[in-house]
Amino acid sequence: MTTLNRTIDHTLLAPEATQADIDRIIREAKEHHFRSVMLNPYWVAYAHQQLADTDVNTDTVIGFPLGANTTAIKVAETKQAIHDGVDEIDVVMNIGEFKSGHFATVTSDLKAVIQTAHDHDKLAKVIIETALLSDAEITRASELVVDAGAEFVKTSTGFSTRGASVHDVILMKQAVGDRIQVKASGGVHTKAEAEAMLAAGATRLGTSSGIAVVSE
């Protein structure tokens, strides 16, 4: 069974994050052998260099946090991240287009990004922003992520009205089954919360509270 620390994407996406903050996140990830650091695209090249010869991946976000960039920009952002040494990308679904019922457009947008990642053997996760979706929409969005070919469907950016809930994770897991995995992100602050998300069906956690989670 995977140990708790290896489920954690140690996250710092705050716009005001300084060089010192980034260095701290990288250091903590090394010390606790987290699965990855999750940083904004600007920091990918630096983190990749700092994490060379470690068991910690370098991850970044694409089309973050709104998902409303054009497909061409999302693809370009993905290509830049790959050039800079990224291991995994977390792309935000075009939420407005999804809620408009334009499912083919949403899937096409995601496929372009995911295929770019896969062309370079990188893993792709899709953020559906569950805070903005009904239960039925969470189920439908999760199904679209399967169709688009990602490895993970992810709950949240952490920048909306709330983060992940156990209820979200249960719905997502029911929708995707064993076809892809579920990442719970946002609102995971304690070991108990982390374990509840994993019990509900998540296999990866995005949190800025990784130290607190594994230190309890």
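**Entry 1: conventions**

I took axes to be lines fitted to C-alpha atoms, for helices over the stretch in contact, with angles from 0 to 180 degrees between N-to-C directions. Helices (H or I, at least four residues) and strands (E, at least two) are DSSP runs, numbered from the N terminus. The model is a predicted one, in which local features need pLDDT of at least 70 and side-chain atom pairs count only at pLDDT 80 or more, while totals for chains, interfaces and linings use all residues. Residues are numbered from 1 along each chain as its sequence is written, and side-chain values use heavy atoms, with hydrogens and water left out.

**Entry 2: α5 and α6**

I looked up how helix α5 (residues 103-119) meets helix α6 (residues 135-148). Their axes come within 9 Å and cross at roughly 45°. That angle makes α5 oblique to α6 (under 35 degrees is roughly parallel, over 145 roughly antiparallel, 65 to 115 roughly perpendicular, and the rest oblique). From α5, the residues Phe103, Val106, Thr107, Leu110, Lys111 and Ile114 take part in the contact (heavy atoms within 4.5 Å).

**Entry 3: α6 and α7**

I next followed α6 to its contact with α7. The two helices pack at an angle of about 45°, and their axes are 9 Å apart. α6 and α7 are therefore oblique to each other. On the α6 side, Asp135, Ile138, Thr139, Ser142, Glu143 and Val146 make the contact. On the α7 side, I listed His167, Asp168, Leu171, Met172, Ala175 and Val176. The contact of α6 with α7 divides into 6 nonpolar, 3 polar and 3 charged residues.

**Entry 4: α7 and α8**

I then turned to helix α7 (residues 166-176) and helix α8 (residues 191-200), whose axes come within 8 Å and cross at roughly 20°. α7 and α8 are therefore roughly parallel to each other. Val166, Val169, Ile170 and Lys173 of α7 touch Ala196, Met197 and Ala200 of α8. For this contact of α7 with α8, I noted 6 nonpolar residues, no polar ones and 1 charged.

**Entry 5: the sheet**

How are the strands β1 to β8 arranged? I found a closed barrel of 8 strands, in the order β1-β2-β3-β4-β5-β6-β7-β8, with parallel pairing (two strands pair if DSSP finds at least two bridges between them). Neighbouring strands of this sheet are turned against each other by 25° on average, direction ignored. I checked strand β3 (residues 57-62) against strand β4 (residues 88-92): they run parallel and are joined by 4 bridges. Val61 has Asp90 as its bridge partner in β4.

**Entry 6: helices across strands**

I recorded that helix α1 (residues 19-32) lies across β1 (8-12) and β2 (36-39), at about 170° to β1. Helix α3 (residues 71-84) lies across β3 and β4 and runs at about 165° to β3.

**Entry 7: salt bridges**

My search of the whole structure found 16 salt bridges (a side-chain nitrogen of Lys or Arg within 4 Å of a carboxyl oxygen of Asp or Glu). In one of them, the side chains of Asp109 and Lys74 meet at 2.8 Å, N to O. This pair links distant parts of the chain, with Asp109 in helix α5 and Lys74 in helix α3, 35 residues apart.

**Entry 8: backbone**

Most residues other than glycine have a negative phi, and most peptide bonds are trans. I noted that the peptide bond from Phe64 to Pro65 is cis, its omega being near 0°. Pro65 sits in the loop between β3 and α3. I also noted His33, a residue other than glycine with a positive phi, near 55°. His33 is placed in the loop between α1 and β2.

Key. Nonpolar A, V, L, I, M, F, W, Y, C, P; charged D, E, K, R; others polar.
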